[in-house]
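Subject: Structure handover

Hello,

Here is the structure we spoke about, with some notes on what was found in it. Please look through the model first and then read on.

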Amino acid sequence: MAAVATDTLPNTQTDGSSVSEAAPEPKALTDGFHLVIDALKLNGIHTIYGVPGIPITDLGRLAQAEGMRVLSFRHGQHAGYAASVAGYLTQKPGICLTVSAPGFLNGLTALANATTNCFPMILISGSSEREIVDLQQGDYEEMDQLAIAKPLCKAAYRVLHAEDIGIGIARAIRAAVSGRPGGVYLDLPAQLFAQVMDEEAGRNSLVEVIDPAPAQIPAPDAVDRALEVLKGAKRPLIILGKGAAYAQVDETIQAFVEKSGIPYLPMSMAKGLLPDTHPQSAGAARSLALKESDVVMMIGARLNWLLSHGKGKTWGEAPKKFVQIDIEPREMDSNVEIAAPLVGDIGSCLTALMDGMGDNWASPPQDWIDAIRTKVETNVARMAPKLQNNNVPMDFHGALGALRTIIKERPDITLVNEGANTLDFARSIIDMYQPRKRIDVGTWGVMGIGMGSAIAAAVETGKPVLAIEGDSAFGFSGMEIETICRYNLPICVVVFNNNGIYRGTDVNPTGGDDVAPTVFVKDSRYDQMMTAFGGKGVYATSPDDVTRAVNEALDSGIPTLVNAIIDEKAGTESGRIGNLNPQSVVSKK
Ligand code: ADP
Ligand code: MG
């Protein structure tokens with residue numbers, strides 16, 4: 001609904017028609033605030049994640065008055081992560097709304113992260129006046145935000161005139177979701193919001209984006225080429241990435257994997273696209289599958305650092321051919337030669353491949369399938385007893401074994417996960433059963449996504465969320481538990497409290513008063529942070545404690561923080577990516 005401005009004549013109906021024959025033609029008016037809101041709503045966007053302040057406070061207020069859900073955070077970065085996760089879950093750009101300069105910069109971290117992860121998001125920031133910014137005369141929170149945002153996102157636009165708001169928002173939406181999704185920055189100077197225009201002209205200026213993410217059909221000869229390579233494979237492997245989860249073509253993916261008979265490996269956020277217990281899952285035989293495979297088909301996954309760039313020790317000696325499905329042509333050959341590039345959307349590519357496979361597609365050689373299966377079964381059996389230990393103090397396996405059972409019993413809740421050891425162990429220990437239920441640190445391995453992601457998942461799915469957090473990782477967004485309590489969201493946060501980063505055992509080698517740089521206050525009561533805001537806090541020392549507390553939280557929907565006390569000696573340096581963390585070889589004093 002557009003606004004009727006306060007200066008509308010008193011004898012005017014809200015629809016703009018006149019009650020008095022004699023009165024001059026009345027003009028219903030709208031303004032920049034309402035045009036932004038109307039443009040978002042027209043495009044099916046009904047939620048804003050943000051932090052209020054100059055000059056966008058009224059935008060939030062008015063959006064709420066117009067029926068949008070407006071969630072205020074304590075810090076723009078977490079509103080930004082929430083928006084990006086909303087985008088990932090819904091295929092509609094998540095909206096993050098911030099104030100100028102410092103608020104914009106806080107949101108920008110999340111915008112860059114969204115772009116890196118291919119999540120659609122729009123960061124809308126208020127900004128100060130062009131005349132002053134461009135002459136660098138020192139305005140309140142002066143900053144040339146558009147120029148700063150540009151290299152860090154997929155597209156960046158500024159709107160200077162109210163009549164361009166509709167087209168500006170349409171461009172931002174299309175840029176965010178079409179092709180490879182990503183982050184878009186929209187710069188809205190303060191003066192824009194107050195600009196007034198005729199209501200009907202304003203309505204006509206809005207643009208509903210038609211087919212915002214058009215299907216991209218692969219070329220037929222590219223499909224044939226891919227089928228040829230797959231046919232020649234003796235030890236084929238499919239790798240599913242979070243692009244495959246994003247695409248929301250879950251049944252097509254399952255049908256393709258099953259029709260092909262090829263073992264598959266899910267990247268961490270692709271877990272659950274097919275249940276991790278699926279007979280074709282090679283998840284528990286990752287090393288073997290990567291080393292021994294001869295043809296590897298990437299589906300919405302990139303050969304970046306998370307896959308050792310497709311070469312080196314991880315990939316073994318056997319020569320490999322890669323087939324890759326990606327919507328972004330430039331992804332091909334990014335790290336190694338792609339023998340069969342398939343550029344298109346995952347749904348269209350897999351459908352075309354299945355058509356080409358016909359009814360008599362031969363499964364891969366049985367010895368390959370058996371080799372993977374045997375390895376999976378051995379590894380799962382070896383892990384099982386570790387996961388059942390009820391040791392006090394808890395180790396990672398005991399605590400995660402308890403949480404693993406909870407996800408098995410409640411496969412439709414979302415799992416958010418960050419940390420170093422807490423992330424690495426949870427990723428491999430906790431099986432997922434449904435698509436898009438695992439949200440973690442993504443392509444950058446960024447710490448701080450926890451509470452923002454949990455909030456977005458709760459809001460967008462309407463279901464409970466379990467956030468498994470290293471104590472260090474939790475610290476980046478911990479204040480947002482107030483946000484969780486304020487909106488009474490069904491989020492249970494489990495903090496793996498081992499007194500520090502990686503471990504809690506480092507000491508200051510000089511014997512000085514300062515503790516080591518990786519150490520926190522011993523036995524911190526994170527649980528009491530939650531009770532401070534009216535949620536529930538639980539101090540848990542055993543896996544049984546954890547099970548009880550988390551089940552209670554998920555049943556009740558009460559915001560809960562479980563302070564899970566983990567043996568401070570249990571972790572390893574940088575988790576599983578210690579090789580990326582240079583260590584001094586010069587002998588210490
Ligand atoms: P992971 O980290 O799980 O391996 P990445 O984020 O590295 O996943 O890769 C996701 C890939 O998926 C990106 O290259 C992106 O371009 C691609 N992608 C995203 N959406 C689609 C889609 N609908 N169709 C095809 N490819 C997609
Ligand atoms: Mg820790």
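The surroundings of ligand 1 come first. There are 18 residues around the ligand, and those that come nearest are R180, K242, G300, R302 and D326. Please keep in mind that this is a predicted model.

Two of these residues make side-chain contacts with oxygen atoms of ligand 1. For R302, a polar side-chain atom lies 2.8 Å from an oxygen atom of the ligand; for D326, the distance from a polar side-chain atom to a ligand oxygen is 2.5 Å. I346 takes part through its backbone, with an N or O atom 3.1 Å from a nitrogen atom of ligand 1. On its own the ligand exposes 580 Å², and the protein buries 96% of that.

The shell around ligand 1 consists of seven nonpolar, six polar and five charged residues. Helix 11 (residues 242-246) contributes the most to this shell, with three residues.

The other item is strand 14 (residues 414-418). All five of its five residues are buried, so the strand is largely enclosed by the rest of the structure. In a regular strand, side chains alternate between the two faces of the sheet. Here T414, V416 and E418 are buried on one side, and L415 and N417 are buried on the other.

Strand 14 runs parallel to strand 16 (residues 465-470), joined by five bridges, and T414 stands opposite V465. Strand 14 also runs parallel to strand 15 (residues 438-440), with three bridges, and L415 stands opposite R438. Together with helix 17 (residues 421-429), strands 14 and 15 make a right-handed β-α-β unit.

Regards

Key:
Residues numbered from 1 in each chain as written. Chains lettered and ligands numbered in written order. Predicted model: local features only at pLDDT ≥ 70, side-chain atom pairs only at ≥ 80, totals over all residues. Heavy atoms only, no water. Near = heavy atom within 4 Å. Polar contact = N/O pair within 3.5 Å; in protein donor to acceptor, adjacent residues only side chain to side chain. Areas by Shrake-Rupley, 256 points an atom, 1.4 Å probe, with all protein chains shown as cover. Helix = DSSP H or I, 4+ residues; strand = E, 2+ residues; numbered from the N terminus. Nonpolar A, V, L, I, M, F, W, Y, C, P; charged D, E, K, R; others polar. Buried < 20%, exposed > 50% of the residue type's maximum accessible area, 1.4 Å probe, protein only. Pairing = 2+ DSSP bridges. Right-handed = clockwise from strand over helix to strand, strands pointing away.
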